[in-house]
Amino acid sequence: MPPVIDVKGLYCRYGATHVLSDITFRVEDGDYVGIVGPNGSGKSTLVRALLGLSSRDEGEIGLFGVPLSEFEDWQQIGYLPQHFNLFTSNFPATVTEVVRLGLLSGKRFPRRISRADTARIDDILEYMGVQDLRRRRIGQLSGGQQQRVLLARAMVNQPRLLILDEPTAALDPETRDRFYSLLAEVNRERNTTILLVTHDSATIGSCASKLLYLDKRLVFYGTFREFCVSSAMTNHFGELAQHQICRLH
Ligand code: ADP
């Protein structure tokens, strides 16, 4: 099976400023990868480049064995972008309607919802534990509930890859940890490959199967255990950085 994501020698810049240099890594089917790094280290730029949303200068990107420029099967990828402002309380859509939009985006004209589609929406709402909320307005739910609905929307097309950019920035620590565990469940039970951007290396270390540490270049890519003893990390940040992240586990 080809890697889900295959990046070779990727460089990105905005104007004259280089944001990412010489990034090379592979994500295999079934991986749960946490992308971590300080603010401004290029995490969003990287995931946006993978989705063809930010331009790359040099390098190759493959998705499911297909070069990005030829890739068309976007239904295979669910994306939860950063800065997805949580809905205001009078936002005029119910939970079901928000998830249905995810399904429509994968359809060609005419965009009709079939009975099978309705069953898929019900299934995913139930899986996310928000089925009781389905007639509620999205803006009236808590941040954690809204995030689960957005995850349901990203998953309703049954993508093989989920990409999430700081999905928990607006959540309290407990809700955030629950959300990470829910993603681990999705990864295990549905064999969905996950790429999750976060600046929270300590928590994600215990959930993800691999960590990718960015600081404009790829400082580290491997398991959490390897991360804790990585000389590349020590050389980059000194002993303390790893100690802070790894002592919790
Ligand atoms: P992260 O997600 O790790 O916080 P980003 O990928 O958002 O990092 O940003 C990396 C760098 O690129 C930052 O210095 C940021 O200011 C800059 N940057 C991001 N987006 C743009 C843009 N659209 N135009 C110019 N500079 C940008």
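This is a predicted model: local features need pLDDT of at least 70, side-chain atom pairs count only at pLDDT 80 or more; totals for chains, interfaces and linings use all residues.
Biologist: Which strands form the six-stranded open sheet, and in what order?
Modeller: The order is β6-β7-β8-β3-β9-β10, and the pairing is mixed.

Biologist: Which strands stand at the edges there?
Modeller: Those are β6 (77–80) and β10 (218–222). Each has a single partner strand, so one side of each is left without a neighbour in the sheet. On average, neighbouring strands of this sheet are turned by 10 degrees against each other, with direction ignored.

Biologist: How many bridges join β3 and β8, and is the sense parallel or antiparallel?
Modeller: Strand β3 (residues 32–36) pairs with strand β8 (residues 193–197) over four bridges, in the parallel sense. Within that pair, Tyr 32 is placed opposite Ile 194 of β8.

Biologist: Which strands does helix α4 touch?
Modeller: Helix α4 (residues 143–155) packs on the sheet and touches β6 and β7 (161–165). The direction of α4 makes about 155 degrees with that of β6.

Biologist: And what does α5 lie across?
Modeller: Helix α5 (residues 173–190) lies across β3, β6, β7 and β8. Relative to β8, α5 runs at about 155 degrees.

Biologist: Moving to the other sheet, what is the strand order in the four-stranded one?
Modeller: That open sheet has the order β2-β1-β4-β5, with antiparallel pairing. Its edges are β2 (17–27) and β5 (66–67); each has a single partner strand, so one side of each lacks a neighbour in the sheet.

Biologist: Which strands of this sheet does α1 touch?
Modeller: Helix α1 packs on the sheet through β1, β2 and β4. Its direction makes about 120 degrees with that of β1.

Biologist: How many bridges does β1 form with β4?
Modeller: Five bridges join β1 (residues 5–14) to β4 (residues 58–63), and the two run antiparallel. Lys 8 stands opposite Glu 60 in β4, and Ile 5 stands opposite Leu 63 in β4.

Biologist: What stands opposite Ile 5 in β2?
Modeller: In β2, Ile 5 faces Val 27. The strands β1 and β2 pair over seven bridges in the antiparallel sense.

Biologist: Which residue takes a positive phi in the hairpin of β1 and β2?
Modeller: Gly 15 does, near 60 degrees, in a hairpin with two residues between the strands.

Biologist: What about the hairpin of β4 and β5?
Modeller: This hairpin also has two residues between its strands, and here Phe 64 takes a positive phi near 55 degrees. The antiparallel pairing of β4 and β5 consists of two bridges, and the bridge partner of Leu 63 in β5 is Val 66.

Biologist: Turning to the ligand, which residues surround it?
Modeller: The ligand is surrounded by Tyr 14, Val 19, Pro 38, Asn 39, Gly 40, Ser 41, Gly 42, Lys 43, Ser 44 and Thr 45. By class, this shell has three nonpolar, six polar and one charged residue.

Biologist: Which helix gives the most to that shell?
Modeller: It is α1 (residues 43–50), which contributes three residues.

Biologist: Which polar atoms lie by the oxygen atoms of the ligand?
Modeller: A polar side-chain atom of Thr 45 lies 2.5 Å from an oxygen atom of the ligand. Polar backbone atoms take part as well: one of Gly 40 is 2.8 Å from a ligand oxygen atom, and one of Gly 42 is 3.1 Å from a ligand oxygen atom.

Biologist: What percentage of the ligand area does the protein bury?
Modeller: The protein buries 55% of the 560 Å² that the ligand exposes when taken alone.

Technical notes:
Residues are numbered from 1 along each chain as its sequence is written. Side-chain values use heavy atoms; hydrogens and water are left out. Two strands pair if DSSP finds at least two bridges between them. Axes are lines fitted to C-alpha atoms, for helices over the stretch in contact, and angles run from 0 to 180 degrees between N-to-C directions. Contact means heavy atoms within 4.5 Å. A residue is near a molecule or strand if one of its heavy atoms lies within 4 Å of it. A polar contact is a pair of N or O atoms within 3.5 Å; within protein, one must be able to donate a hydrogen and the other to accept it, and residues adjacent in sequence count only if both atoms are side-chain atoms. Accessible areas come from the Shrake-Rupley method with a 1.4 Å probe; for residues, only the protein chains shown count as cover. Ala, Val, Leu, Ile, Met, Phe, Trp, Tyr, Cys and Pro count as nonpolar, Asp, Glu, Lys and Arg as charged, and the others, Gly among them, as polar.
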